[in-house]
Amino acid sequence: MPRGLDHVVHAVGDLEGAAGLYRRLGFTVGARNRHSWGTHNHLVQLPGFFIELLTVVEPEKLGSDGFSKLFGRFNQSFLSNQEGLSLLLLESGDATADAATFHSAGVAASDVMKFEREGKRPDGAPVKVAFSLAFARDAGAPAIGFAVCQQHFPENFWNPAFQQHPNTARGIASIVLVAENPTDHHIFLSTFTGVRDLHATSSGVSAATPRGDIKVMDPAAFRSYFGTDPPDISQGARLAALQFHVRDRGALRAALGAGGIAFSVRMDATIVAPQTAMGATLVFE
């Protein structure tokens with residue numbers, strides 16, 4: 001079955017600065033969480049999708065295998081010379097089966113791995129959340145982490161109170177990658193998403209998942225669509241932009257204005273450039 005968008009990691013050097021940025025963008029930002037392998041995060045929830053603002057706070061806890069390697073050290077390496085979108089994770093109904101699929105296709109980066117941590121409800125009450133992940137690898141995109149994520153206590157994680165945002169964001173529309181030759185990623189993207197029929201255009205390829213699209217554009221198309229420069233792709237494809245659905249354009253721009261956020265307007269989309277958004281291009285439609 002096709003796998004919908006689950007979450008994306010926005011890796012930053014200053015975690016509290018990023019939380020403040022997203023609040024000024026008009027998002028509701030969750031409490032600070034800690035992973036046992038040394039990374040900390042804040043989450044921004046939308047229905048069925050979230051943004052994980054993340055940094056490495058305790059590098060001495062990083063090991064050489066499992067989540068330490070594929071998640072912690074990966075983001076530590078990513079942050080050594082940039083900020084921005086580092087990992088793309090899709091929803092999974094059976095992470096063990098997905099890991100087997102990735103192994104069969106020759107794109108697996110791990111067996112299935114599980115971890116749990118304590119979360120908090122809006123009233124501060126503690127709850128347990130747990131996840132199973134299986135990582136994949138695109139040889140043409142070493143600066144992108146790919147994984148699927150199965151939630152074991154979704155009722156403890158998703159909360160409508162965290163999904164109400166002053167900017168009226170109501171869902172994820174798409175995640176945009178930039179690559180020199182988008183069609184080079186067609187086979188991997190089909191395996192990773194479970195989407196058999198990808199859509200090819202003059203600007204690249206896209207996969208329509210059950211929750212949002214994954215688009216792969218070439219640099220010229222990215223500049224044309226969004227009016228901003230893509231990230232450096234000299235070492236391979238990169239995650240570049242998030243596109244959100246919003247209910248009320250006026251409320252969005254009022255929230256951005258109140259937060260002192262610079263933005264541009266292009267083809268009816270409101271765009272926050274990576275220079276403002278800590279390495280990510282954020283698009284509101």
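**Charged pairs, strands and cores**

Modeller: Happy to. Glu58 and Lys61 meet through their side chains in a salt bridge, 3.1 Å from N to O. Keep in mind that this is a predicted model.

Biologist: Is Glu58 buried or exposed?

Modeller: Glu58 counts as buried because its relative accessibility is 19%, and the cut-off for buried is under 20%.

Biologist: How many salt bridges does the structure hold?

Modeller: There are 6. One of them joins the side chains of Arg3 and Asp98, at 3.0 Å from N to O. That pair links distant parts of the chain: Arg3 lies in the segment before E1 and Asp98 in helix H3 (residues 95–105), 95 residues apart.

Biologist: And are those two buried or exposed?

Modeller: Both Arg3 and Asp98 are buried.

Biologist: What does Glu116 pair with?

Modeller: Glu116 forms a salt bridge with Lys128, and their closest N and O atoms are 4.0 Å apart. This pair also links distant parts of the chain, with Glu116 in strand E6 and Lys128 in strand E7 (residues 126–136), 12 residues apart. Glu116 counts as partly exposed because its relative accessibility is 46%, and Lys128 is partly exposed at 40%.

Biologist: Let's stay in E6 for a moment. What about Arg117?

Modeller: Arg117 sits in strand E6 (residues 113–120). Arg117 is buried but has no salt bridge.

Biologist: Which side chain of opposite charge is nearest to Arg117?

Modeller: That would be Glu52, 6.8 Å away.

Biologist: What does the Arg117 side chain make a polar contact with, then?

Modeller: With the side chain of Asn33, at 3.4 Å. Leaving aside neighbours within four places in sequence, the contacts of Arg117 include Asn33, His35, Leu43, Val129 and Phe157. Lys128 is also among them.

Biologist: You mentioned Glu52. Which way does it point from its strand?

Modeller: Glu52 points from E4 to one side together with Phe50, Leu54 and Val56, while Phe49, Ile51, Leu53 and Thr55 point the other way. In a regular strand, side chains alternate between the two faces of the sheet.

Biologist: How many residues of E4 are buried?

Modeller: 8 of its 8 residues, so strand E4 (residues 49–56) is mostly covered, buried being under 20% relative accessible area.

Biologist: Which strands pair with E4?

Modeller: Strand E1 (residues 5–11) pairs with E4 in the parallel sense over 5 bridges, and Val9 stands opposite Glu52 there. Strand E3 (residues 39–46) runs antiparallel to E4, joined by 8 bridges, with Gln45 opposite Phe50.

Biologist: What happens at the turn in that hairpin?

Modeller: The hairpin of E3 and E4 has 2 residues between the strands, and Gly48 takes a positive phi near 75 degrees.

Biologist: Switching topic: which residues touch the most other members in the largest nonpolar core?

Modeller: Tyr22 and Leu282, in a core of 57 residues. Helix H1 (residues 15–24) supplies the largest share of this core, 5 residues.

Biologist: What is Leu282 in contact with?

Modeller: Setting aside neighbours within four places in sequence, its contacts include Tyr22, Leu25, Leu242, Phe244 and Ile271. There is also a second, separate core of 23 residues, with Leu70, Leu87, Phe115 and Phe135 among them.

Terms used
Residues are numbered from 1 along each chain as its sequence is written. This is a predicted model: local features need pLDDT of at least 70, side-chain atom pairs count only at pLDDT 80 or more; totals for chains, interfaces and linings use all residues. Side-chain values use heavy atoms; hydrogens and water are left out. A nonpolar core is a set of buried Ala, Val, Leu, Ile, Met, Phe, Trp, Tyr and Cys residues joined through side-chain atoms within 4.5 Å. Buried means under 20% relative accessible area, exposed over 50%, partly exposed in between (1.4 Å probe, protein chains only). Helices (H or I, at least four residues) and strands (E, at least two) are DSSP runs, numbered from the N terminus. Contact means heavy atoms within 4.5 Å. Lys and Arg count as positive and Asp and Glu as negative; His and the chain ends are not counted. A polar contact is a pair of N or O atoms within 3.5 Å; within protein, one must be able to donate a hydrogen and the other to accept it, and residues adjacent in sequence count only if both atoms are side-chain atoms. Two strands pair if DSSP finds at least two bridges between them.
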